[in-house]
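Subject: Two-chain model, with notes

Hello,

Please find the structure below. My notes on it follow.

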Amino acid sequence: MGAATFVLGRWCIQTAWHDLQHRKTQTRMRILLIEDDTSAADYVARGLTENGHVCDVLADGTDGLFAATRDSYDVLVVDRMIPGLDGLSMVRALRAAGRKTPVLFLTALGGIDDRVEGLEAGGDDYLTKPFAFAELLARVNALARRPPVQEVRTVLKVADLELDLMRRQASRGGQSIDLLPKEFTLLEVLMRNEGRVVTRTMLLERVWDFHFDPKTSVVETHISRLRAKIDKPFDLALLHTLKNMGYSLHAPR
Amino acid sequence: MRPADLWRHSTFRLALGVTLAVLGALILVGTVGYTVLHRQLADRQDARLLEIFTTLQQSDAADPQDLVDAIAARITASPSFSTVFLLRAADGRVLASNIRDVPIPAGWSTVEAAFLGVQTDYPYRMFAGDLNGDHLVVGLSNADLDDLSEIILAGFGWSALAVLVAAVAAGAWIAARLQRRLTDVTLTLQRVAGGDLSTRLAVSGRGDDLDLISHEINQTLCRLGALVDAMRQVSADIAHELRTPLNRLRIHVEQAARNAAVLAPVEDDLAAAIAQSEAIDQTFSALLRIAQIEAGARREKFAPVDLAALLGDVGEVYAEVAEDAGQSLRCDLDGAAWVMGDRELLTQAFANLIENAVRHCPQGTAIRCEVRAEGNRVTASVLDTGPGIPAAERELVLRRLYRLEKSRTTEGTGLGLSLVKAVADLHGAGLALSDALPGLRVDLQFARILGAA
């Protein structure tokens, strides 16, 4: 079944690739993938390479820790169940060594507490297998360019859209926009990830703190409400829907 | 119980230990008692001896012959040699005596009977002193003293033996009783190890420590049984629920492969296959999640949760979803209502209930969320004015074993409600489905906690 999923996933990534062609090329990142399932590792590495990143693959936790400590990677993608040193211990050791490289955990353990465990061990994000490659790519991109903690931005700007985080006010072209609290959070998440894809699941987690898959169109509904407020009254659309991938907020290209 | 095994039983060792302790205490008490008593008796004997000596001394003061007569009278009065005398003049002549003429030093001494030429087994206590130039020796047999000591010693011995026998008997009885109950525990646990999780330990009802332990073990067995049942249920569910979509997935992939071979388009089949694999993943995750919730480990992470605020947030998320579906969603919240719970799971449970209403009710349906805190209870309800669930089926929806049948007949809601049921059980909350006249009313009744921060 695993192989079938990856073959299908590859098809998915090709579709995603077409969408990505229209977008500015991502800055090239060095990514270390620590995963012992070779077919999964090949699939992910190939996808990341096709998206302009450099991806090293290791199958062992001890090697992974060594490489992650020695070389400077932009993002680590770590499977939790790997030989040598398990993923959690590896990341704990890495954090203890003072390395702050962003870590995305991959896991087949879909348990309720597993996500919390991963984050507590020093992970920055968490993705449960099986996953769509687009989801992984979006999360890796979001991690890599996360601004350093020291840099506190109080006003987010995309084109003529402004979001004042201190005064909790949104405006576009000088025209004030009334947003409900959750709409504000939704817009904030999208603006912080300007130009990058934010998936439906990422929005559910970050805006509503939902860690399950709703059976109704929660995200679509709220996105359409937001769009009606920030895009509809204006000429240029900033909030874009990427089919099978998610949403992206950016100025027209 | 074979004697060889006896030593390995802690109960036997305990009984033996108690017996030895009792014996030790008895020996100590006996020794101290005997020593004190013996010294007391010896002191009295010495006092009597001194009294005799002093009386004779006084009779000597009047006339020396009186003394000799007095001693002779006393010798006559003591044919069994319980009292012995020896009066020697200054020139060495023996004036009166019932013992051999032996040198006895002045003052106190103890000598053997044979030394005095007396045929008894007991030693004598002697006192000697000068009387107007004469030398007087008076002695008392230790017969009384020694006999008495022997009687006391025998008394102590017998009582020690009696106590020892009693202690051994009581120890053995207690040990046997304890051992019987421990053996019960061992046998029960052996049956459990053998796979029989329904067996329970007998509780005597006396409320003693063994009862407490038995009770704890029984509770553990209950939990274990529930866990194993849950695991069995999940395995059965997975087999049952995943085989069909797996088969469909396989059909799509095979069809795509066939199409690819003849260069026909494969996109539709592959898209269907991906959708199918996602459906499988969702079912699988839901089953695993329910199983994990039922396992109950989450309970340790409970924290105070304001149900009103939580349901208000969830309602806010879905208000626009309902609106887009041509329905309305309203929340009637009656101030803060604190319960102990898991925020994430409660959010999912209420989201499931609201989504059920949104998905299964027609346009124009009014959905209402309520939270009421009354007395020591908090009731959270989700009501709709939709078609409802027939009374006969409401029972089935909540019964775990009917989950699959239910999910099959009502396109997937079975797992959603199962999750709500699992979350409710985890929180010890009562879950009730009733008629909202018209529509469905779902009530979750929690135990209220008072004002968390």
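Helix H3 (residues 61–70) of chain A lies across S1, S2 and S3 of chain A, and runs at about 160 degrees to S1(A). This is a predicted model, in which local features need pLDDT of at least 70, side-chain atom pairs count only at pLDDT 80 or more, and totals for chains, interfaces and linings use all residues. Residues are numbered from 1 along each chain as its sequence is written, while chains are lettered from A and ligands numbered from 1 in the order in which they are written.

Some terms for what follows. Helices (H or I, at least four residues) and strands (E, at least two) are DSSP runs, numbered from the N terminus. Angles run from 0 to 180 degrees between N-to-C directions, with axes as lines fitted to C-alpha atoms, for helices over the stretch in contact. Two residues are in contact if their C-beta atoms, placed from the backbone, lie within 7 Å.

The sheet under H3(A) is open and has five strands in the order S2-S1-S3-S4-S5 (chain A), with parallel pairing; two strands pair if DSSP finds at least two bridges between them. Its edge strands are S2 (54–58) and S5 (125–128) of chain A, each pairing on one side only. On average, neighbouring strands are turned by 20 degrees against each other, direction ignored. Strand S1 (residues 30–34) and strand S3 (residues 75–79) of chain A run parallel and are joined by four bridges. In this part of the sheet, A:Ile34 stands opposite A:Val78 in S3(A).

Chain A as a whole has nine helices and 11 strands. Of its 253 residues, 40% are buried (20 or more other C-beta atoms within 10 Å of the residue's own; exposed means 12 or fewer, and partly exposed in between, with C-beta atoms placed from the backbone). Among the contacts in chain A with a separation of 6 or more, 62% are between residues 24 or more positions apart.

**A:Leu239**

A:Leu239 is in strand S10 (residues 239–242) of chain A. Leaving aside neighbours within four places in sequence, its contacts include A:Leu190, A:Leu226, A:Ile230 and A:Tyr247. A:Glu194 is 45 residues from A:Leu239 in sequence and 9.8 Å away in space, C-alpha to C-alpha.

**Where the chains meet**

The predictor gives the complex an ipTM of 0.79 and a pTM of 0.64. The contact takes 23 residues from chain A and 24 residues from chain B. On the chain A side, helix H1 (2–21) and H9 each supply at least two residues, and H1(A) gives the largest share, five residues. That side divides into 11 nonpolar, eight polar and four charged residues (Ala, Val, Leu, Ile, Met, Phe, Trp, Tyr, Cys and Pro count as nonpolar, Asp, Glu, Lys and Arg as charged, and the others, Gly among them, as polar).

Helix H9 (residues 218–230) of chain A packs against helix H8 (residues 307–324) of chain B at an angle of about 85 degrees, with the axes 9 Å apart. H9(A) is therefore roughly perpendicular to H8(B) (65 to 115 degrees; under 35 is roughly parallel, over 145 roughly antiparallel, the rest oblique). A:Val218, A:Thr221, A:His222 and A:Arg225 meet B:Val317, B:Glu320, B:Val321 and B:Asp324 there.

**Chain B**

H8(B) also lies across S7, strand S9 (366–374), strand S10 (377–384) and S12 of chain B, at about 165 degrees to S7(B). The open sheet of five strands has the order S7-S9-S10-S12-S11 (chain B) and mixed pairing. S7 (328–333) and S11 (430–435) of chain B are at the edges with a single partner strand each, so one side of each has no neighbour in the sheet. The twist averages 15 degrees from one strand to the next. S11(B) and strand S12 (residues 440–447) of chain B run antiparallel, joined by six bridges.

The mean pLDDT (the predictor's confidence in each residue, from 0 to 100) of chain B is 84, and 93% of its residues reach 70 or more. Over residues 401–411 of chain B the pLDDT is below 50. Where pLDDT is low, the predicted coordinates should not be read in detail.

Regards
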